[in-house]
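This briefing goes through one protein model, from its overall make-up down to single residues. Please keep the sequence and the coordinates open while reading.

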Amino acid sequence: MTTTARAERPAVRKSPPGAARGSRRRTGRIHRVGLPYLLLLPALLLELLVHLVPMVIGIVMSFKELTQFYIRDWGAAPWSALDNYKVSVDSDAPVGEALLHSFLVTVAFTLLSVGLCWLVGTAAAVFMQDTFRGRGLLRALFLVPYALPVYAAVITWVFMFQHDNGLVNHVLHDQLGLTDKPSFWLIGDNSFIALLTVSVWKGWPFAFLIVMAGLQNIPRELYEAAALDGAGIWQQIRRITLPSLRPVNQVLVLVLFLWTFNDFNTPFVLFGRTAPEAADLVSVHIYQASFVTWNFGTGSAMSVLLLLFLLLVTGGYLVLTSRGRRSAS
């Protein structure tokens, strides 16, 4: 008797249609969530290479006695622990005293520059809200200082501030007679005024652009209703414009502060490698400590102290403004 062995076929389970759709939905969700991070990956890697890696290297350098003798092999420089920081903050020593003076000059310069940039930019933006002939051309002209390259603009001001044949002395002394003799604008105490003038001229169009964009979100009906109630232009600005621009101004002031406090291009192009004592900003002072005296360890320590100061000011400013928004709401 012969028996026929039948091969048993494995039972095939058919998944319900809903499970397949759920799996495809989860896969699509993963793609949607992961795609933005994948697209941001090149920018994150570039940010890591350009900013974070040099920052870490600079922090390491601040703990070393890195001078011109160790330029070829800065890794062989001996560790100095906190000596560079002690020298930088010691106001009784020449290095610390010079850094403190530079810091105070930078604070005064930043407060004046940011205040004037905001004031001029806000006034111009409020003025440009009214419709008149030539408003578009005037807006474009207002943005020219912001659009010009920094080096080209500052070099032009260098020629204008020349003692013998500069335009500033020609107007103030020769044409208007406001000064007894031509002034030296790029040396001495007048260098602070020259630096402040260039900084405000270069920075107020940015404030004008941001405030003008913020004014577009204020309904015109508010001004019309205030005018019907008898409110004048100054009352409208005080009661409507400034409160409505508070979120915009909070961000604008912070950005202007960070840009101005860290500004290196303007004083470097205006005065050269060695800035006058009256216009010795922290950024140029750190450059001189690092690349003129060849003391990279002390210069790196100054840079780290500057970073900590800016982080502290930014954090405190954000905390104060967030509390102000919560109390206003």
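The model is predicted. Its secondary structure comes to 14 helices and 0 strands. Of the 329 residues in the protein, 33% are buried.

**Overall make-up**

- From the N terminus on, the order of elements reads α-α-α-α-α-α-α-α-α-α-α-α-α-α.
- Taking contacts in the protein between residues at least 6 apart in sequence, 64% join residues at least 24 apart.
- The protein has an accessible surface of about 21300 Å², and carbon and sulfur atoms account for 66% of that surface.

**Packing of H6 and H8**

- Two packed helices are described by the angle between their axes and the distance between the axes.
- For helix H6 (residues 150–160) and helix H8 (residues 190–215), the angle is about 140° and the axes are 11 Å apart.
- H6 is therefore oblique to H8, since only angles over 145 degrees count as roughly antiparallel.
- The crossing of H6 and H8 is right-handed.
- On the H6 side, the contact involves Val150, Ala153, Val154 and Trp157; on the H8 side, it involves Thr197, Val198, Trp201 and Lys202.
- By type, the residues of the contact of H6 with H8 comprise 6 nonpolar, 1 polar and 1 charged.

- Asparagine 249 sits in helix H11 (residues 246–261).
- Is asparagine 249 buried or exposed? Asparagine 249 has a relative accessible area of 10% and is therefore buried, as the cut-off for buried is under 20%.
- Leaving aside residues up to four places away in sequence, asparagine 249 touches Trp118, Val211 and Tyr317.

**Residues paired across the sequence**

- Leucine 141 belongs to helix H4 (residues 135–142). With a relative accessibility of 49%, leucine 141 counts as partly exposed, because exposed means over 50%.
- Between leucine 141 and proline 205 there are 9.6 Å in space, C-alpha to C-alpha, and the two residues are 64 residues apart in sequence.
- Isoleucine 59 is part of helix H1 (residues 17–61), and at 33% relative accessibility isoleucine 59 counts as partly exposed.
- How far apart in space are isoleucine 59 and glycine 297, C-alpha to C-alpha, given that they are 238 residues apart in sequence? The distance between isoleucine 59 and glycine 297 is 9.3 Å.

**Positive phi in loops**

- Most residues other than glycine have a negative phi.
- Alanine 81 has a phi near 60°, a positive value in a residue other than glycine. Alanine 81 is located in the loop between H1 and helix H2 (83–89).
- Tryptophan 294 also has a positive phi, near 60°, and is likewise a residue other than glycine.
- Where is tryptophan 294 found? Tryptophan 294 is in the loop between helix H13 (282–292) and helix H14 (296–328).
- Tryptophan 294 has a relative accessibility of 40% and so counts as partly exposed.

Technical notes
Residues are numbered from 1 along each chain as its sequence is written. This is a predicted model: local features need pLDDT of at least 70, side-chain atom pairs count only at pLDDT 80 or more; totals for chains, interfaces and linings use all residues. Side-chain values use heavy atoms; hydrogens and water are left out. Axes are lines fitted to C-alpha atoms, for helices over the stretch in contact, and angles run from 0 to 180 degrees between N-to-C directions. Helices (H or I, at least four residues) and strands (E, at least two) are DSSP runs, numbered from the N terminus. Angles under 35 degrees count as roughly parallel, over 145 as roughly antiparallel, 65 to 115 as roughly perpendicular and the rest as oblique. A crossing is left-handed if the near helix is turned anticlockwise from the far one by less than a right angle, and right-handed if clockwise. Contact means heavy atoms within 4.5 Å. Ala, Val, Leu, Ile, Met, Phe, Trp, Tyr, Cys and Pro count as nonpolar, Asp, Glu, Lys and Arg as charged, and the others, Gly among them, as polar. Buried means under 20% relative accessible area, exposed over 50%, partly exposed in between (1.4 Å probe, protein chains only). Accessible areas come from the Shrake-Rupley method with a 1.4 Å probe; for residues, only the protein chains shown count as cover.
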